[in-house]
There are 2 protein chains.
Amino acid sequence: MGRPMADARFNRSIGRRGVRMSDVACLPISSGWYRRKVEDTRRLIKVQCYSAEGTANFYMRPIEGLTVLLDIDTKEVVEFVDEGRDIPIAKPSNTDYRYEVTSKNKQPARVRPLNPISIEQPLGPSFEVVDGHQVKWAGWEFHLKPDPRAGVIVSDVRVTDPDTGERREVMYKGFASELFVPYMDPTDAWYFKTYMDAGEYGFGLQSMPLVPLNDCPRNAYYMDGVFVAGNGKPYVRSNMVCIFERYAGDVGWRHSESPITGMEIREARPKVTLVARMAASVANYDYIVDWEFQTDGLIRVKVALSGILMVKGTPYTHTNQAKPDEDLYGTILSENLIGVIHDHYVTFYLDLDVDGSANSFVKVNLTRQYTSPGESPRTSYLKASKQTVKTEKDAQIRLKLYEPKEFHVVNPGRTTRVGNPVGYKVVPAGTAASLLDPDDPPQLRGAFTNNQIWVTPYNKSEEWAGGLFVYQNKGEDNLAVWSNRDRSIENKDIVLWYTLGFHHVPCQEDFPIMPTVSSSFDLKPVNFFESNPILAAPPNLEKDLPVCRAAASA
Amino acid sequence: MGRPMADARFNRSIGRRGVRMSDVACLPISSGWYRRKVEDTRRLIKVQCYSAEGTANFYMRPIEGLTVLLDIDTKEVVEFVDEGRDIPIAKPSNTDYRYEVTSKNKQPARVRPLNPISIEQPLGPSFEVVDGHQVKWAGWEFHLKPDPRAGVIVSDVRVTDPDTGERREVMYKGFASELFVPYMDPTDAWYFKTYMDAGEYGFGLQSMPLVPLNDCPRNAYYMDGVFVAGNGKPYVRSNMVCIFERYAGDVGWRHSESPITGMEIREARPKVTLVARMAASVANYDYIVDWEFQTDGLIRVKVALSGILMVKGTPYTHTNQAKPDEDLYGTILSENLIGVIHDHYVTFYLDLDVDGSANSFVKVNLTRQYTSPGESPRTSYLKASKQTVKTEKDAQIRLKLYEPKEFHVVNPGRTTRVGNPVGYKVVPAGTAASLLDPDDPPQLRGAFTNNQIWVTPYNKSEEWAGGLFVYQNKGEDNLAVWSNRDRSIENKDIVLWYTLGFHHVPCQEDFPIMPTVSSSFDLKPVNFFESNPILAAPPNLEKDLPVCRAAASA
């Protein structure tokens, strides 16, 4: 990450701010591409620093306005910007989040601690991991692989048809292809913070070992990653992925009859799923990615965000010190600290192969249909019209609440008994869309977020949504460029891309570390099975549940 | 529900279709309001019937096209429509979902059954229920009451501020105020199916006893409902609500440092929540409503749908028998059965009282801001602008992905230490919007779904979004009407209304009973606490977890 420490100006500036050099912690920040000449000839990185004095949470003590631009190859300081000398460094109090520190807090707890709670499986898990990577559970089979760039890759996903016993293909490969995290502050020390975490930092390289009992429940199994270091030597990232059966007390299906029918029916089934989890800590931010497999054929992909905000130093200690209409680019979280507004986008590569690779993408348009005069006491209803998409451009989709659609990947060569094409659909849930100008340099590079859904024909060189070579690129080779070729996608091996987004306007609850927020999308069978595949599932019975007592220490 | 059985025409029609009268099961269907003269002078109900021969799942055997309109008061048959005589009644095979039936299936299981899994708390729950209804858990306190119309009502919700110990007000009252479930088939036997389940049937009255170990986990506590029958006598609906601590293996917050900083930090905390659940079975459909309280101050309201589709008989046994461009109004699920497209809307009444009742509604508009020429290498960023809403009409909100907003309820009289107004925000997730014509009779009655969010001043007579008297009403007294008065809502006791929606295009996996689908929204603290309220939470330690062994039967 270069040597700002060797620069005299840097040392003077740090000293002038009263920070000891031994307390300085610096971050290497991808510099992006901003139509600057220097970007054409050098490989660059920006370095900004913090004071780690009095806290492990140095992120909350920015040395604001001090930015060093380094040449990655020559270690040369290319630019040195030293603004914000009048901005005090925020105090360290109440920023350390480590249990060894917080547990020494002498204040009496205002809230009674919770009794122990645990997911227990005394007969062991119901899944097995064969040859280190092949996971089998409840009729599902898939290959699970830690990856330095994507985090984890799920591949060759098959599910057993309960009617026939056939192991049916669902997905050839799925993974987080790229992230885009633009901060919303155009000033000198901030404008370039528009990270693409997979291609620039390595979403897997930044995945640290999971913490047993806390990152994953007690019944989890852990898988290591084996990666290659810069010097070509292999190394092991232990406990990088966990796999566990999840039971949250939810219901798989249920029905009761009301007394009016005279039938005393009370049927319900517990919902148990299988989760494969990783957690990447890309400097301050932590991303938890779950691939959750359900017994009804649904796959839920969930991204949860935690970790630490990227904050900005400010002279203000109270909102009333800001000038009227002054744009703070965020929220004052504490004295001298602003949590800067930013977005998160995670774009998933989803090469579904529904009963084989020859698939089509079908939009099911839900539109208001009017009845003819005299046809009905109703004047309107919702009609579903299917449209098989021929080429890529017609599969560039922005979600609209008032123009709802379903998005099916079907196998046009295989139908159910009554003639419906077998398929899976991608089901968005809460998400966000980038509002940056499409011609703004960061959005040109992050153009894979211009739509929430894209469908492309399979091409082995089109796996990374932001391009194979992301660092300092100009957006010349990414998903948006590929899709605009408008190739045929009908009855072909196709790849669906889905982008999950978050707008984050920080609030004080995010200080000094953020409670998890999450969102997800689903891959859901749609006329893939002949009928509900979990109809025969047995209910929970008391006689089958474990016998537990308090821990020895209680 | 009247006496169609006494009608000779009805008996003849049933006989002609080969159904024994002892196998006939009929449903009372609210007739709505469709600008028909008869609706002005009579209280009406429509009756349609099914054959329960060979299955408990009579819903899958509709006697299609036979509709009897009854006068509720006189029991008189007002109209008798007998169409669809040529539509066969679907076969009963593979429709019964009861375990006593499915467990007798002789076919070998294609999928290995799962090992037992359970949420265990050997030291007991961490919550207490005082005086039968007052729930206390992890600093939360609220009153929980089964209600015949709303299902459950959560009231006087307070949370302990971990900094001060103060028990701070969050919500005066919250509940499911009304449902709207329009089916999307305008033909004679279907157009009127536009249910308003709370006001027409009673969302609580239709909540049957929960099934221990299956509707709720083993560690659940159950609460009875006490209601009044039509004859004025009280009765007990046992186990109508369950309360349990939920641990799904998820993370409350986490952070790891990467090797670059030289700090070996691996902090993570498990996420444990408290759920209050009910499940209403409004004839065929089952709605599970969860109020989930998190230790970080967040309240998640989740609605899950299961139960049985309302299906339509058809002469078709294969999709290729339908005429080109014929509108089936749904999906062929099985021979002679169409799952009809429909929507679900659940409108919640949320009387937030953030640190008292004088609150304001603030829209935080996230918009693209352009930089001035030369100001920055960036040309655009996302800016958050706050707008305190003065009157009701400006709080009629339709969600748009490309016009994102946050929706805050703040106390303008109280700020945090650095000056942010204390607040809670409503955070939508996946939802759907009604596409019916606003002047279509059902949408006039369901006009409370015209927007996803409304804010009204508190008025004790404005609690039921579809009007106090819903049955056969004309939409003359509902949330849309109230809100159009455009009253002041600034610095007042205000009520926020949020509508959660689902479009449901049935698929074969929904036959003969539906795997659960769910969606939710959150009430989330926003600058309500000075900082992350769960920072001091301890991690899980092995020594605190229970010691379990397999059940005695294993």
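Across all chains, a search of the whole structure turns up 56 aromatic pairs, where rings of Phe, Tyr and Trp (its six-membered ring) pair if their centres lie within 6.5 Å, planes under 30 degrees apart count as stacked, those over 60 as edge-to-face and the rest as tilted. This is a predicted model, so to speak of local features pLDDT has to be at least 70, side-chain atom pairs count only at pLDDT 80 or more, and totals for chains, interfaces and linings use all residues. As for bookkeeping, residues are numbered from 1 along each chain as its sequence is written, chains are lettered from A and ligands numbered from 1 in the order in which they are written, and side-chain values use heavy atoms, with hydrogens and water left out.

One of the pairs is A:F142 with A:F293, stacked at 4.2 Å centre to centre with 10° between the planes. A:F142 sits in strand β8 (residues 140-147) of chain A and A:F293 in strand β15 (residues 285-294) of chain A, so parts 151 residues apart in sequence get tied together. Helices (H or I, at least four residues) and strands (E, at least two) are DSSP runs, numbered from the N terminus. A:F142 is buried at a relative accessible area of 1%, and A:F293 is buried at 0%; buried means under 20%, exposed over 50% and partly exposed in between (1.4 Å probe, protein chains only).

Over in chain B, the rings of B:F361 and B:F407 have centres 6.5 Å apart and planes at 5°, so this pair is stacked too. With B:F361 in strand β21 (residues 360-370) of chain B and B:F407 in strand β23 (residues 405-415) of chain B, the pair links parts 46 residues apart in sequence. Both B:F361 and B:F407 are buried.

Back in chain A, A:F175, A:Y349, A:W464, A:W482 and A:W497 make up one aromatic cluster. A:R149 lies over the face of A:W464, 4.3 Å from the ring centre, and B:K193 does likewise over B:W190 at 3.5 Å; the criterion is NZ of Lys or CZ of Arg within 6 Å of the ring centre and within 35 degrees of the ring normal.

B:E462 turns up in the loop between β25 (453-457) and α6 (479-483) of chain B. B:E462 is buried, with a relative accessible area of 4%. Neighbours within four places in sequence aside, B:E462 is in contact (heavy atoms within 4.5 Å) with B:Y349, B:T456, B:P457, B:W482, B:R485, B:R487 and B:W497.
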